[in-house]
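The report below describes a structure by its contacts, its fold and its strand pairing. Sequence and model come before the text.

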Amino acid sequence: MADPSYPDDLKYHPEHDWARIDGDTATFGITWYAQDALGEVVFFDAPDVGAEISKDQPYTEVESVKAVSDVFAPLSGEVTAVNDALADKPETINEDPYGEGWLVKVRLSDPSEVDALMDSAEYQATLD
Amino acid sequence: MSFTTELRRTPLYDRHAAAGARLVPFAGWEMPVQYAGIREEHIAVRTGVGVFDVSHMGQVETTGPQALDFLQHLLSNDLRRMPEGGAQYSVMCREDGGVLDDLFSYRLAECTFLTVTNAANHEKDLAWLQSHADGFDVDVVDRAADFAMLAVQGPKARDLVRKLSDGALPGRFRVCERSVGGAAVLVCGTGYTGEDGVELLMRPDDASGLWDAITQAGATPVGLGARDTLRLEVCFHLYGNDMDENRNPIEAGLGWCCKERTGFIGSDAVAAARQDGTTEKLVPFAIEGQGIARQGNPVIGGGEVTSGTFSPCLERGIGMAYVSTARAAEGTPIEIDVRGRTRPAIVERKPLYKRERR
């Protein structure tokens, strides 16, 4: 498992999710802290493309050997793509949480919601 | 029942912390749930050798001229069949057959037995045993503070321990005293993983030295997380999940360790359950396709999952559940409500994982 890292180019949600913003679209995933707390992910229950998801609401689940965890949407929008590769290799979420371990791509319904998210330093300050 | 909130630590706490373990509260103890990762630790035990700190488990020693008669009265198995140096699994029941605990007992001498309790049940078991000792010429002694306990499990476990030992190891369901890594150890041919291996009982002061010797000899430290996935793959019961005081051993699938003819406490209720059948039975299941059922998930049409996890060896959701007896036969399709989603599963035969699969 990689060392702890919280890239500066991402925005963070208190439920340990990240968003990589690109205009009015974004990519979501879970943070290093989240995957570490969960342990080895064995199952990612991908939402459907086209699903509407709402900021601060669970939109999918990831499961490790020992636990299941809701994944919260850091922003609202419509799912435009899901990471199908995770069906066969869900452990990618542990190995590369900010890269190959991304979960969904979303067309944002309200890009101004980004202002409510934390930057890397703010998010790290919330972790013990 | 203890109301203390302070967690107890085993003599190996410092070793766990140094090894990077994630420590969690378990039955009043601060125990390692994982070191490198549950899957990796699980596979180490299935293919090589792992070492577990199980010092949270309790021990009760029963000695005296009537030790055998006394335990025969309280434990479900036929203790007369356990020779000196033998080991035996049993349950302890209430009068109504409700299971108080499941236990391994070791016959150390003709009139000396050591019984290993589940950590969460130790005080309750001890009180139950002592409260029934009147009229028997026995001493029932709490020995939990006198022992630390390690489990060394896996196809290479015996080899590893043998090299540290001053003599041959006991066979399966046997026990003997040995010097292991220079320490006086009670070596037991038992375990909770479905693999070959031994369990070692030693003085708490000797635990760290033995842990170091065993890990330096190549054993992978394994936490409670993999202990749970390993035991569930081979359908070993976990008290509190798979049975408790509200279940009798027959519905829990533990009738094989109940010998009602011995007249143990609860034997009439167990005999009745065996003869009349029970409305529910504990069955192993495997999920068909994706999804992982967890403890407490309802079985659609009646019943409940008591243990559920992801099987690292079978790479699918597995578990045990109480279902109506009509649907308990091997091969029966069932459906489990996993957090609002219906997951199809099949009632399987024990064990879910067989060593021959390797």
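## Contact between the chains

Eight residues of chain A and 12 residues of chain B take part in the contact, where two residues count as touching if their C-beta atoms, placed from the backbone, lie within 7 Å. On the chain A side that touches chain B, four residues are nonpolar, one is polar and three are charged. Here Ala, Val, Leu, Ile, Met, Phe, Trp, Tyr, Cys and Pro count as nonpolar, Asp, Glu, Lys and Arg as charged, and the others, Gly among them, as polar.

## Model and conventions

This is a predicted model, in which local features need pLDDT of at least 70, side-chain atom pairs count only at pLDDT 80 or more, and totals for chains, interfaces and linings use all residues. Residues are numbered from 1 along each chain as its sequence is written, while chains are lettered from A and ligands numbered from 1 in the order in which they are written.

The predictor gives the complex an ipTM of 0.73 and a pTM of 0.90. The average pLDDT of chain B is 96, and 98% of the residues score at least 70; pLDDT is the predictor's confidence in each residue, from 0 to 100.

## Overall fold of chain B

Chain B contains eight helices and 18 strands. These are DSSP runs numbered from the N terminus: helices are H or I with at least four residues, strands are E with at least two. The C-alpha atoms of chain B fill a box of roughly 55 × 50 × 40 Å along the principal axes.

Of the 358 residues in chain B, 51% are buried. Buried means 20 or more other C-beta atoms within 10 Å of the residue's own, exposed 12 or fewer, and partly exposed in between, with C-beta atoms placed from the backbone.

## Core and central sheet

The largest nonpolar core has 127 residues, and Leu150(B), Val152(B) and Leu200(B) have the most contacts inside it. Such a core is a set of buried Ala, Val, Leu, Ile, Met, Phe, Trp, Tyr and Cys residues joined through C-beta atoms within 7 Å.

Six strands of chain B form an open sheet of mixed pairing, in the order 10-11-12-9-3-13; two strands pair if DSSP finds at least two bridges between them. Strand 10 (175–180) and strand 13 stand at the edges with a single partner strand each, so one side of each lacks a neighbour in the sheet. Strand 9 (residues 148–153) runs antiparallel to strand 12 (residues 197–202), joined by six bridges, and Ala151(B) has Glu199(B) as its bridge partner.

Strand 3 (residues 50–53) is joined to strand 9 by four antiparallel bridges and to strand 13 (residues 220–221) by two parallel ones. Gly50(B) has Gln153(B) as bridge partner in strand 9 and Thr220(B) in strand 13. Gly50(B) and Phe52(B) point one way from strand 3, Val51(B) and Asp53(B) the other way, and all are buried.

Seven of the 10 residues of helix 2 (residues 38–47) of chain B are buried, so the helix is largely enclosed by the rest of the structure. The buried residues, among them Arg39(B), Glu41(B) and His42(B), pack against strand 2 (29–34), strand 3, strand 9, strand 13 and helix 7 (224–233).

Strand 1 (residues 22–26) and strand 2 of chain B pair in the antiparallel sense over five bridges. The two strands form a hairpin with two residues between them, and Ala27(B) in the turn has a positive phi of about 50°.
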